[in-house]
Amino acid sequence: MDNTHTSAARIAGIYRYPVKGLTPEPLPHAELRTGQTLRSDRRYAIENGPSGFDPAAPNWLPKPHFLMLQRDEWLAPLRAHFDDDSHVLTLRRDGAVVAQGDLETAEGRVAIERYFAAQHAGEIKGPPKVLTSPGHSFSDVARKVVSIINLASLRAIETMVQAPVHPLRFRANLYVDGWPAWHEAGLLDQTIAIGSARAKVVKRITRCAAVNVDPDTGVRDLSIPNMLMQRFGNNECGVYAEIIGDGSAAIGDTIAAEQPTLV
């Protein structure tokens, strides 16, 4: 994996996922705050049977406790939109509104839960429940991070699987163009500038079966983690970064590793 090229790349896409497992929302720009996710990213999750999650004392739980694309590919065609000001989640299928509710009220959460209980009873393990707790993120990792995908790496994967690979399969916050394929893997423990913010790359992302699901159709039509394992001996693609300096980022902004200061 080549990491000799150190020139800056550009942010090609910014996305957040207000409800874990549901569809992303594109953003033209985002405020990045120290130790935080993008605003409202993974702010909610839908419990798939009792998990023991306590909103008054929230602990990180692994994703099998929630509805998720890794297992629940039928979620993909459901289109979600969350409004920050009203806290209203709107769910659409084939363009028609199928459920809507204010996720900060019991009544609104019940409206969403009722949809999943009625329409997908045979596909869930137990009563669906919308979970939230102030300041908590239902991320795949316990720390609050921003996920980054290098589009050149996805183009390399397309060559490997001999098929188009929709970038949103990887459910990243930031999509980056301008780095060579796999450049991001060499950034572990480095400090990077993201627009006017600063971040530390803290972990490579291990890919699960969620990336095998077409984000438009919900069809499980590829085997990307297995292909990565066969080619590289790991199933990693992308990195997590922890914001360490406040700033903002917009599509077209620079993203680059900071050069060490010479003494």
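User: Where in the chain does tryptophan 182 lie?
Analyst: Tryptophan 182 lies in the loop between β10 and β11. Helices (H or I, at least four residues) and strands (E, at least two) are DSSP runs, numbered from the N terminus. This is a predicted model, in which local features need pLDDT of at least 70, side-chain atom pairs count only at pLDDT 80 or more, and totals for chains, interfaces and linings use all residues. Numbering starts from 1 along each chain as its sequence is written, and side-chain values use heavy atoms, with hydrogens and water left out.

User: Why is tryptophan 182 called buried?
Analyst: Its relative accessibility is 8%. Buried means under 20% relative accessible area, exposed over 50%, and partly exposed in between (1.4 Å probe, protein chains only). The value of 8% is under 20%, so tryptophan 182 counts as buried.

User: What is the phi of tryptophan 182?
Analyst: Its phi is positive, about 70°, although tryptophan 182 is not a glycine. Most residues other than glycine have a negative phi.

User: What is the phi of glutamine 162, and where does glutamine 162 lie?
Analyst: Phi is near 55°, a positive value in a residue other than glycine. Glutamine 162 is in the loop between α2 (151-161) and β10.

User: Is glutamine 162 buried or exposed, and what makes it so?
Analyst: Glutamine 162 has a relative accessible area of 73%. That is over 50%, so this residue is exposed.

User: How many aromatic pairs does a search of the whole structure find?
Analyst: The search finds 7. Rings of Phe, Tyr and Trp (its six-membered ring) pair if their centres lie within 6.5 Å; planes under 30 degrees apart count as stacked, over 60 as edge-to-face and the rest as tilted.

User: Why is the pair of phenylalanine 66 and phenylalanine 138 called edge-to-face?
Analyst: The ring centres are 5.4 Å apart, within 6.5 Å, so the rings pair. The planes meet at 80°, which is over 60, so the pair is edge-to-face. The two partners come from distant parts of the chain, 72 residues apart. Phenylalanine 66 sits in the loop between β4 (45-48) and β5 (79-82), phenylalanine 138 in the loop between β8 (128-131) and β9 (146-150). Both are buried. Together with Phe53 they form one aromatic cluster.

User: What makes the pair of tryptophan 182 and phenylalanine 232 edge-to-face?
Analyst: The angle between the planes is 70°, with 5.0 Å centre to centre. That angle is over 60, so the pair is edge-to-face. Phenylalanine 232 belongs to helix α3 (residues 224-232) and tryptophan 182 to a loop, so the pair ties together parts 50 residues apart in sequence.

User: Why is phenylalanine 232 called partly exposed?
Analyst: Its relative accessible area is 32%. That falls between 20% and 50%, so phenylalanine 232 is partly exposed.

User: How do you know whether threonine 132 is buried or exposed?
Analyst: At 16% relative accessibility, under the 20% limit, threonine 132 counts as buried. This residue lies in the loop between β8 and β9.

User: Which residues does threonine 132 touch?
Analyst: Contact means heavy atoms within 4.5 Å. Not counting residues up to four places away in sequence, threonine 132 touches Arg43, Tyr44, Phe53, Pro55, Leu103, Glu104 and Phe138.

User: Why is alanine 257 called buried?
Analyst: Alanine 257 has a relative accessible area of 19%. That is under 20%, so it is buried. Alanine 257 lies in strand β15 (residues 254-257). Leaving aside neighbours within four places in sequence, it contacts Leu187, Gln190, Thr191 and Ile192.

User: Why is methionine 68 called buried?
Analyst: The relative accessible area of methionine 68 is 7%, under 20%, so the label is buried. Methionine 68 lies in the loop between β4 and β5. Beyond neighbours within four places in sequence, its contacts are Gly21, Lys63 and Leu75.

User: What does the radius of gyration of the protein chain agree with?
Analyst: A compact globule of 263 residues would have a radius near 18 Å, and the protein chain has 18 Å, so the two agree. The radius is taken over C-alpha atoms; the globule rule is 2.2 Å times the number of residues to the power 0.38. Buried residues make up 49% of the 263. The chain holds 3 helices and 15 strands.
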